[in-house]
Amino acid sequence: MSFEIKHKDLLARIGKLKTKSSTLETPLLFPVINPSIQLISPKRLKEEFGFEAVITNAYILKKRFQKEPIDTGLHKFLDFNGSIMTDSGAYQILVYGGVEVNQEEIVEYQKNIGSDIATILDIPTSWKVSKEHAKETVAETLRRAEDFFKLKTEDNILWVGPVQGGRHLDLVAESAKTIGKMPFQIHALGSPTEVMENYRFDVLADMILTAKKYLPLNRPLHLFGAGHPFMFSLAVALGCDLFDSAAYALYARQNRYMTENGTWQLSNLDYFPCSCPNCVKETPKDVQDRSKKEIETFLAEHNLFVCMAEINRIKQAIREGRLWELVEMRTHAHPALFSAMKKIKEHAGFIEKFSPAVKKRGFFFFSSIGLARPEVLHYRNQLLKNYQPPINSEILLLLSQTHKKPYHNTRKYKKVKRLIKNVTGNLSEIVHVCFYAAPFGVIPVELDEVYPLSQNEVTTPFDSETKDYIATLTSEYIKNFDYKTVILLNDNSLWDNKIVDSCKNTCAIKKIQFKELEVNTGMNKDILACLENILKKQLSD
Ligand SMILES: [Zn+2]
């Protein structure tokens with residue numbers, strides 16, 4: 001196996017990918033090298049910027065340099081001693097409609113120059129084409145993939161099997177399912193560039209997740225042409241391990257300055273919001289006064305630093321189990337990116353299945369978007385499928401969440417516990433105390449120290465979708481178990497009347513007793529006295 005997964009969060013992985021030249025850590029960004037015009041040499045990319053791998057285009061190499069890279073070897077030709085990936089010319093098919101090479105020639109060429117990672121000559125599915133045409137691109141790519149294994153003799157290259165289908169998700173699924181059965185070492189999602197250029201990150205999210213569902217998860221997934229650092233974290237979270245980007249250079253040519261949240265025209269900047277070695281020494285004014293070539297180099301270098309810093313930030317977030325927070329933050333950089341974040345909800349079950357349930361650190365819950373988090377979904381499934389309330393409990397006493405956690409250590413709970421003990425004596429297990437709380441719904445007090453029920457911070461007041469979710473989940477909980485009475489201490493300053501209405505309804509349907517006490521003012525003597533009366537009455541019944 002050339003790919004070994006070390007750490008996971010959401011669908012993201014930190015992994016080790018072994019090529020014949022080096023061992024690479026994923027997620028990994030391959031800067032695109034244009035062998036004809038390269039502002040920053042491949043050697044500098046490794047030594048000064050830390051890029052262990054680069055990608056270049058075998059089709060362009062063959063067309064411009066023919067036998068030269070074969071004679072010298074690709075690594076020497078580019079003067080790069082890391083790993084080199086080659087693309088086959090598929091992108092040129094997309095842009096120019098065709099290439100003057102067939103698959104057999106380009107496969108052979110990639111072998112002969114000594115690529116570490118190489119790509120078959122797939123047919124990209126353009127954004128604009130009809131479904132019929134899209135079908136043909138998938139069928140032809142699959143045909144070529146099959147043919148490739150007839151050509152392939154033993155070699156030490158990692159071969160990439162691209163998934164096509166474009167925005168047609170049924171085709172992406174079919175393409176992934178079929179190519180995933182062939183013995184490629186790496187897969188790639190083809191044709192995302194146009195989707196990104198159109199800012200359809202929601203479609204991109206669907207494409208990635210559809211491919212992920214049908215591809216073998218133990219192989220890395222490459223996202224072709226993922227240019228901008230503001231979407232790296234999203235793509236990694238959805239399961240992309242490898243990226244290539246020419247954007248650092250293309251943007252620089254247009255005087256565009258990348259940040260992890262967007263792009264600036266150099267002329268619009270009064271200050272550099274960056275602490276890379278270039279930006280700390282200069283002001284935008286200094287840089288603008290230089291020659292075109294110098295400006296371009298300055299910007300390309302800065303853009304590379306920003307890309308590398310973002311990849312490192314993503315890896316750190318994976319290690320800490322806080323990639324969700326990073327993605328949530330980044331996707332606020334543009335409404336179209338946030339649309340992709342909202343898409344995650346539709347695939348939450350799939351992401352939950354593969355994301356670790358226990359992490360090093362707690363998490364932050366900002367808004368209803370966080371309800372799609374794997375931790376939230378995981379707990380919900382456990383609670384409704386595997387949990388059993390204490391065996392003698394008959395009365396469910398629901399308290400609203402407190403700022404302090406764990407809940408069983410709060411003064412509110414201690415007062416209630418004392419009262420229960422006084423009223424019920426040694427029958428105290430008859431009353432089961434649970435907290436209703438965002439984002440988890442119902443938290444039985446005996447579980448409140450289980451990760452991550454206490455290891456989270458939430459934003460209040462809650463948005464309406466969050467209140468609805470908690471109200472629904474609380475009702476489901478009541479529906480699921482056999483309590484005879486439900487007593488709700490209703491804090492409607494936090495919950496409006498959503499919880500009380502929904503619980504009341506459910507109890508009516510189940511024909512069990514429902515009692516409500518308003519506690520907006522906190523747990524004072526009057527409320528405790530009322531609660532005491534209710535409990536006494538319940539016990540005497
Ligand atoms: Zn900078």
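Contact means heavy atoms within 4.5 Å. Helices (H or I, at least four residues) and strands (E, at least two) are DSSP runs, numbered from the N terminus.

I note that this is a predicted model, in which local features need pLDDT of at least 70 and side-chain atom pairs count only at pLDDT 80 or more, while totals for chains, interfaces and linings use all residues. Residues are numbered from 1 along each chain as its sequence is written, and side-chain values use heavy atoms, with hydrogens and water left out.

I looked at one pair in detail. Strands E15 (residues 395-400) and E16 (residues 431-437) run parallel and are joined by six bridges. Ser400 is opposite Tyr436 in E16.

**Thr474**

I went on to Thr474, which sits in helix H21 (residues 464-480). Its relative accessible area is 0%, so Thr474 is buried; buried means under 20% relative accessible area, exposed over 50%, and partly exposed in between (1.4 Å probe, protein chains only). With neighbours within four places in sequence left aside, Thr474 contacts Leu398, Tyr436, Val442, Ile499 and Cys503.

**The zinc site**

I listed the protein donors of the zinc ion: Cys274 (SG), Cys276 (SG), Cys279 (SG) and His302 (ND1), at 2.1 to 2.3 Å from the ion. Donors are N, O and S atoms within 2.8 Å of the metal (3.2 Å for Na, K and Ca); water is not among the atoms, so sites may look incomplete. Angles among the four donor atoms are 100 to 122°, and the site is tetrahedral. Four donors count as tetrahedral if all angles lie between 85 and 135 degrees. For four tetrahedral donors the ideal angle is 109.5 degrees.

Along the chain the donors follow the spacing C-x1-C-x2-C-x22-H. Cys279 in helix H13 (residues 277-281) and His302 in helix H15 (residues 292-320) are 23 residues apart, a pair that links distant parts of the chain. I found both Cys279 and His302 buried.

I checked helix H16 (residues 323-331) next. Eight of its nine residues are buried, so H16 is largely enclosed by the rest of the structure. Among those buried are Trp324, Glu325, Glu328 and Arg330.

His168 lies in the loop between strand E8 (158-163) and helix H8 (169-180). At 14% relative accessibility, His168 counts as buried. Residues up to four places away in sequence not counted, His168 touches Val129, Ser130, Lys131 and Ala134.

**Whole protein**

The protein has 24 helices and 20 strands, and 57% of its 541 residues are buried. Its C-alpha trace spans about 95 × 55 × 40 Å along the principal axes. Of the contacts between residues at least 6 apart in sequence, 73% join residues at least 24 apart. The accessible surface is about 23,400 Å², with 50% belonging to carbon and sulfur atoms; areas come from the Shrake-Rupley method with a 1.4 Å probe, and for residues only the protein chains shown count as cover.

Notes
Pairing = 2+ DSSP bridges. Tetrahedral: all angles 85-135°; square planar, octahedral: opposite > 155°, others 65-115°.
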